[in-house]
Amino acid sequence: MRTTLVIAVAFLATGAVSQNADVTKLCEAQTSCRDCIQASPQCSWCSEFARLHASPGPRCKIRTGQSPLSSDCTLSGLEDPKSRDPQLTQASFNALNQISPLRANIVLRTNDPKSFQLTVRPSNNYPIDLYLLMDLSNSMRDDLEKLKTLGAQLSERI
């Protein structure tokens with residue numbers, strides 16, 4: 001028996017923004033680095049301006065192509081973390097290892113989902129622990145009998 005699951009990993013802080021103008025407004029409305037980075041994957045924060053201006057404008061701006069911000073920001077002062085594709089450590093299936101990848105290292109930025117495939121292959125005759133928490137008072141007697149029956153049926157099917 002082989003089961004395949006697809007895991008989509010995402011951290012959502014704000015709703016999806018579809019238009020470029022909306023993203024620009026969203027970015028420029030942010031007043032802190034944290035809020036800027038969390039607003040959209042397209043936003044970049046400038047912590048250090050290249051030139052002194054009387055009014056440098058917003059520090060949070062939309063990244064466009066190769067030029068993340070205007071020339072007013074230094075590259076060393078640019079805060080623009082990137083999500084990376086998951087680094088997966090694959091392992092062969094055996095009696096002890098029933099899942100692959102065995103390990104996943106994922107670096108994510110808010111609102112920038114990444115996905116990877118997770119494969120589960122249960123071993124034959126692998127022990128399963130099943131715990132039931134139940135009130136054993138007299139009012140639950142019929143439920144207790146039903147659980148005993150279902151537990152026996154479950155163990156036979158597995």
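The following legends describe close-up views of a predicted model.

**View A. The largest nonpolar core and the elements that build it.** Nine residues make up this core: V23, C27, C36, I37, A39, C43, W45, C60 and I62. At least two of its residues come from each of α1 (20-28), α2 (33-39), β2 (43-46) and β3 (60-62). Helix α2 gives the most, with three residues.

**View B. The disulfide between C27 and C43.** This is one of two disulfides in the structure. The sulfur atoms of C27 and C43 lie 1.9 Å apart. The torsion about their S-S bond is about -90°, so the disulfide is left-handed. The pair joins distant parts of the chain, with C27 in helix α1 and C43 in strand β2, 16 residues apart. Both cysteines, C27 and C43, are buried, and both are listed among the residues of the largest nonpolar core.

**View C. The disulfide between C36 and C60.** Here the sulfur atoms of C36 and C60 are separated by 2.1 Å. With a torsion of about 80° about the S-S bond, the disulfide of C36 and C60 is right-handed. Distant parts of the chain are again linked: C36 belongs to helix α2 and C60 to strand β3, 24 residues apart. C36 is buried, at a relative accessible area of 0%; C60 is likewise buried, at 0%.

**View D. C33, a cysteine in no disulfide.** The nearest cysteine sulfur to that of C33 belongs to C36 and is 6.5 Å away. A disulfide requires sulfur atoms within 2.5 Å. C33 has a relative accessible area of 28% and is therefore partly exposed.

Notes
Residues numbered from 1 in each chain as written. Predicted model: local features only at pLDDT ≥ 70, side-chain atom pairs only at ≥ 80, totals over all residues. Heavy atoms only, no water. Core = buried A, V, L, I, M, F, W, Y, C linked by side-chain atoms within 4.5 Å. Buried < 20%, exposed > 50% of the residue type's maximum accessible area, 1.4 Å probe, protein only. Helix = DSSP H or I, 4+ residues; strand = E, 2+ residues; numbered from the N terminus.
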